[in-house]
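Student: I'd like to learn how to read a protein model. Could you walk me through one?

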Amino acid sequence: MEKGRVYKNTAKSGYTVHIIADGITSYNKAKIPEMIEYYTKKGCNIIKLDELKVI
């Protein structure tokens, strides 16, 4: 699957994309900071699980 495919399709539809940093995983843990930087540059909001508000 193309990197960021879901983000691109969602963003193109006019939605704001939020990434929960606590849920990011990779076979190579050293790449997680790079992944966070990638999504930040694409305009995603990176939040931690404890920052979510109860609706």
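Predicted model: local features only at pLDDT ≥ 70, side-chain atom pairs only at ≥ 80, totals over all residues.

**Reading the model, starting with a tyrosine**

Student: Is Tyr38 buried or exposed?

Tutor: Buried means under 20% relative accessible area, exposed over 50%, and partly exposed lies in between (1.4 Å probe, protein chains only). Tyr38 has a relative accessible area of 17%, so it is buried. Tyr39, at 18%, is buried too.

Student: How many aromatic pairs does a search of the whole structure find?

Tutor: Rings of Phe, Tyr and Trp (its six-membered ring) pair if their centres lie within 6.5 Å; planes under 30 degrees apart count as stacked, over 60 as edge-to-face and the rest as tilted. Here the search finds one pair. The ring centres of Tyr38 and Tyr39 are 5.0 Å apart and the planes sit at 80 degrees, so this pair is edge-to-face.

Student: What pattern does the chain follow along the sequence?

Tutor: Helices (H or I, at least four residues) and strands (E, at least two) are DSSP runs, numbered from the N terminus. This chain reads α-β-α-β, with two helices and two strands.

Student: Which residues are buried in H2?

Tutor: An α-helix has 3.6 residues a turn, so residues three or four places apart point the same way. In H2, the buried ones are Ile32, Tyr38 and Tyr39. Seen down the axis of H2, they fall within an arc of 115 degrees (taken from the directions from the helix axis to the C-beta atoms), so they line one face. The face of H2 turned away from that buried side carries exposed Pro33 and Lys41.

Student: Which residues make up the largest nonpolar core?

Tutor: A nonpolar core is a set of buried Ala, Val, Leu, Ile, Met, Phe, Trp, Tyr and Cys residues joined through side-chain atoms within 4.5 Å. The largest has seven residues: Val17, Ile19, Ile24, Ile32, Tyr38, Tyr39 and Cys44. H2 gives the largest share of this core, three residues.

Student: Where is Ser26?

Tutor: Ser26 sits in the loop between strand S1 (18–20) and helix H2 (32–41). Its relative accessibility is 15%, so Ser26 counts as buried.

Conventions:
Residues numbered from 1 in each chain as written. Heavy atoms only, no water.
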